Amino acid sequence: MDTAKPRELFEQARAAWDAERWQTAADRYEELLGRLPDHPRSAEWWYDAALAHKFLRNWDKAYTLGREAAARSPRGEGDPAFWNLGIAATVKREWAVARDAWEGFGITIPEGEGEIVGSFGRCCVRLSTDTGHEVVWGVRLCPTRARVISVPVSPGRRFGEVVLHDGEPRGERTTDGRTHSVFDELLLFEPSGLSTHTVTVSAAAASDIDALERDFTERGYGAEPASSFELICSCCSTGTHPQTRSVHPGTQKVSLAAPGPEIPALLNAWASAGPGRSWEKLTLAG
C-alpha cells in the first residue's frame with residue numbers, strides 16, 4: 001500500500017516532469033488526483049497528467065484526463081486544457097467532444113455535427129519522416145488538422161494527406177508579406193491515395209514551369225519543381241525564415257502528385273502548349 005503523502009506525490013511528479021520522465025510524472029499526478037480529485041489546484045494537475053500522456057502519445061489517457069481538466073477550467077478564455085482535449089478528441093474522432101473543446105477554448109467552429117472541415121487558413125507543417133524532417137505547406141481543416149498541399153520529397157509522404165499537428169508554433173515562414181506558423185506533426189491522420197512520381201522536364205522559361213504547376217493544381221493535383229525546394233538547417237527551420245519562391249528554367253526534376261495513368265497526357269498537353277518544353281523519365285517515387 002502506498003503511504004506517500006500528497007505533498008510527496010506532488011514533488012515527485014514535478015521532479016519527474018522537470019526531467020521529462022513523462023510516464024513517471026503522469027503516474028504520480030494520477031496517484032495524487034486519486035486522493036485529491038477536486039483540490040483547488042486539481043485543474044492544473046489534471047492538465048499536466050493529460051499533457052504528459054500527450055507527450056507519450058497515449059491518446060486514450062490524454063483524452064480521459066483531458067476531459068477532467070477541461071471540466072475544471074474556465075471556458076472561452078483560451079485555457080490550454082481545452083486545446084489539448086481538442087487534439088486528443090480529434091485523434092479519437094470524438095467529434096462532439098472536439099467541437100465543444102475548441103469552443104471552450106474560444107474558437108468558432110463551423111456549425112454541424114461530425115468531422116470538422118473548415119477554412120482555418122494556410123500553415124506549414126514539419127513532417128516527421130524516416131530521413132528526418134520536411135516542412136510542407138498545408139491548409140488547416142480545423143485547429144489541429146491540415147491537408148498537405150505541397151508534394152513532399154520524403155519517401156512515403158504524399159500530397160493530399162491529412163496530418164494532425166501540435167498547437168504551439170515551432171517557426172514561421174514569411175511569403176508575399178504574410179507570416180505563416182510552422183507546426184510540428186503529431187501523427188498522420190488520413191493517408192492520401194495520390195502516389196508521387198518524378199519526371200525530368202526541360203523548359204525555356206520559368207513561366208513554363210509555372211504553367212506546368214498550374215496545369216496540375218487546377219485539377220486538384222500537385223507539382224513541385226526541384227528548383228523551388230530549399231534545404232535549411234534545423235536552427236533556421238524553427239526560426240522565422242523568408243520563403244522566396246524561385247523557379248528556374250532549364251532541365252530539372254519535378255515531383256508530381258496525380259493518378260499515374262493521367263500523368264503522361266497532362267505532360268504531353270503541357271509540352272505541346274509552348275516552345276522549348278519537353279519531358280522524359282517519368283518514374284514512380286512512392
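Start at the second largest pocket of this predicted model. Select Lys54, Asn84, Asp166, Gly167 and Glu168: of its 14 lining residues, these lie nearest the centre. Helix H3 (42-55) and helix H5 (80-91) are the elements that give two or more residues to the lining. The pocket's volume is about 290 Å³. By class, its lining has 7 nonpolar, 2 polar and 5 charged residues.

Next, the largest nonpolar core. Select Trp59, Tyr63, Leu85, Ile87, Trp102, Ile116 and Leu164, the residues with the most contacts inside this 25-residue core. Now colour helix H4 (59-71), H5, helix H6 (95-105), strand S2 (132-142), strand S4 (162-165) and strand S6 (178-190); each supplies at least two core residues. H5 gives the largest share, 7 residues.

Zoom in on Trp102. Beyond four places away in sequence, Trp102 touches Trp83, Gly86, Ile87, Thr90, Ile107, Ile109, Ile116, Pro143 and Thr144. Then show Val199, Ala203, Ile209 and Leu266, which are among the 22 residues of a second, separate core.

Finish with the aromatic pairs; the whole structure has 7. Select Trp17 and Phe55. Their ring centres lie 6.1 Å apart with planes at 50°, so this pair is tilted. Trp17 sits in helix H1 (residues 6-18) and Phe55 in helix H3, 38 residues apart. Trp17 is buried at 14% relative accessibility, while Phe55 is partly exposed at 33%.

Move to Trp83 and Phe105. Here the centres are 5.0 Å apart and the planes at 70°, so the pair is edge-to-face. The pair links helix H5 to helix H6, across 22 residues. Trp83 is buried, at 16% relative accessibility.

How values were computed. Residues are numbered from 1 along each chain as its sequence is written. This is a predicted model: local features need pLDDT of at least 70, side-chain atom pairs count only at pLDDT 80 or more; totals for chains, interfaces and linings use all residues. Side-chain values use heavy atoms; hydrogens and water are left out. On a 1 Å grid over the protein atoms alone, a cavity is a set of points where a 1.4 Å probe fits but cannot get out, and a pocket is an open set with protein on both sides within 12 Å along at least five of seven lines; lining residues have an atom within 4 Å of a point. Grid points are joined across faces, edges and corners, and a volume is the space filled by probe spheres set on the points. Helices (H or I, at least four residues) and strands (E, at least two) are DSSP runs, numbered from the N terminus. Ala, Val, Leu, Ile, Met, Phe, Trp, Tyr, Cys and Pro count as nonpolar, Asp, Glu, Lys and Arg as charged, and the others, Gly among them, as polar. A nonpolar core is a set of buried Ala, Val, Leu, Ile, Met, Phe, Trp, Tyr and Cys residues joined through side-chain atoms within 4.5 Å. Buried means under 20% relative accessible area, exposed over 50%, partly exposed in between (1.4 Å probe, protein chains only). Contact means heavy atoms within 4.5 Å. Rings of Phe, Tyr and Trp (its six-membered ring) pair if their centres lie within 6.5 Å; planes under 30 degrees apart count as stacked, over 60 as edge-to-face and the rest as tilted.
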